[in-house]
Amino acid sequence: MTIAPKDPPRVDAHHHVWRLDRGDYGWLTPALGPIFRDFALADLEPLLARAGITATVVVQAAPTVAETHFLLEVARASHGLVRGVVGWVDLGSRDAVATLEMLARDPLVKSIRPMLQDLADPEWILRPDVGPALAALPRLGLRFDALVKPPHLPALLRAIELEPGLRLVVDHGAKPAIATGAWEPWASQIAAVARNPHAHCKLSGLVTEAAEGWTTDSLRRYADHLLACFGPQRLLWGSDWPVVLRGGGYARWLQATTVLLRDLDAAERAAILGGNAVRFYEL
């Protein structure tokens, strides 16, 4: 008797939770309207259930190690729903490697995200004091989530050339300026990153880079380019909840995703919507 392989779980590979009274979300201000409030996993769970999603990766939203420990508490209390944590460490600090070694002992810690988009120096990742921590990530079984915008891509490309073992995922497609229709140099630079076989990319965050009133056609050129560059085996779907509330909400982005991926076969869609996240993050 042959047992058919199980389909991979549906995974939301990128969402957040936060509690304002923690006090370390410097970017989160009243100007951000609907997302300037607390968001708990319980708020997300009904959306996941309606979407058939049974596993998630929660991602840091504050540049503190305390944030990482907060997310680990959330994951441990989630009854197996949150299967991975993307944490934060100051990779340029003297104790960065020791901190990474400490966090890597927890199997829920899967990746580190230094929030490169918020740093003044677009080449910060190439600083000599950051190098030892980047080199330690593969040794410790940790990945690197790159929260970048197009100006950071040249330095990111150089960094992965210097650290060929680094397992990288670019968050939100590197945030192309969809609202203005900008294309180059983003298109060429993200293609260059994708030529590294260890580089992955999240199909997430596009709606908050689009203009108000976006349609699926507004996103199509950018999503198709990411698919052409990374292929269906290196794209990971994520909601970017609750930030996605600023771009139409969870259900609307998921519906747009369904349209954007409808020309793929079932196995390719299953990979993007879950299988790739399980493999990349070892969930």
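Reader: Before that, what kind of model is it, and what are the ground rules?

Author: It is a predicted model, where local features need pLDDT of at least 70, side-chain atom pairs count only at pLDDT 80 or more, and totals for chains, interfaces and linings use all residues. Residues are numbered from 1 along each chain as its sequence is written, and side-chain values use heavy atoms, with hydrogens and water left out.

Reader: Ok, salt bridges. How many are there in the whole structure?

Author: The search finds 13 of them. A salt bridge here is a side-chain nitrogen of Lys or Arg within 4 Å of a carboxyl oxygen of Asp or Glu.

Reader: Which residue does D106 pair with?

Author: D106 pairs with R76, at 2.6 Å from N to O. D106 sits in the loop between α3 (96-104) and β4 (109-112) while R76 is in helix α2 (residues 65-76), so the bridge ties together parts that are 30 residues apart in sequence. Those labels are DSSP runs numbered from the N terminus: helices are H or I with at least four residues, strands are E with at least two.

Reader: Where does E282 come in?

Author: E282 bridges to R143, with 3.5 Å between the closest N and O atoms. That pair links distant parts of the chain: E282 is in the segment after α9 (266-281) and R143 is in strand β5 (residues 143-146), 139 residues apart. R143 is buried at 1% relative accessible area, while E282 is partly exposed at 48%.

Reader: Which residues are linked in a network of salt bridges?

Author: R113, D145, D171 and K202 are linked that way.

Reader: Switching to helices. How do you describe a packed pair?

Author: Two packed helices are described by the angle between their axes and the distance between the axes. The axes are lines fitted to C-alpha atoms over the stretch in contact, and angles run from 0 to 180 degrees between N-to-C directions.

Reader: So what are the numbers for α3 and α4?

Author: The axes of α3 and helix α4 (residues 131-139) come within 9 Å and cross at roughly 20 degrees. The two are therefore roughly parallel; angles under 35 degrees count as that, over 145 as roughly antiparallel, 65 to 115 as roughly perpendicular and the rest as oblique.

Reader: Is that crossing left-handed or right-handed?

Author: Right-handed. That label applies if the near helix is turned clockwise from the far one by less than a right angle, and left-handed if anticlockwise.

Reader: Which residues meet there?

Author: From α3, A96, V97, L100 and E101 meet P132, A133, A136, L137 and R139 of α4. By class, that contact has 7 nonpolar, no polar and 2 charged residues. Contact means heavy atoms within 4.5 Å. For the classes, Ala, Val, Leu, Ile, Met, Phe, Trp, Tyr, Cys and Pro are nonpolar, Asp, Glu, Lys and Arg are charged, and the others, Gly among them, are polar.

Reader: How do α6 and α7 pack?

Author: Helix α6 (residues 186-194) and helix α7 (residues 216-230) have axes 9 Å apart, at an angle of about 30 degrees. The crossing of α6 and α7 is right-handed. On the α6 side the contact uses W186, A187, I190, A191 and A194, and on the α7 side Y222, H225, L226, C229 and F230. It divides into 9 nonpolar, 1 polar and no charged residues.

Reader: I'm curious about C229. What does it touch?

Author: Not counting residues up to four places away in sequence, C229 touches I190, A191, A194 and R234. C229 is buried at 17% relative accessibility.

Reader: Last one: where is N196?

Author: N196 is in the loop between α6 and β7 (199-203). N196 is buried at 15%, and leaving aside neighbours within four places in sequence, N196 is in contact with I160 and R234.

Notes
Buried means under 20% relative accessible area, exposed over 50%, partly exposed in between (1.4 Å probe, protein chains only).
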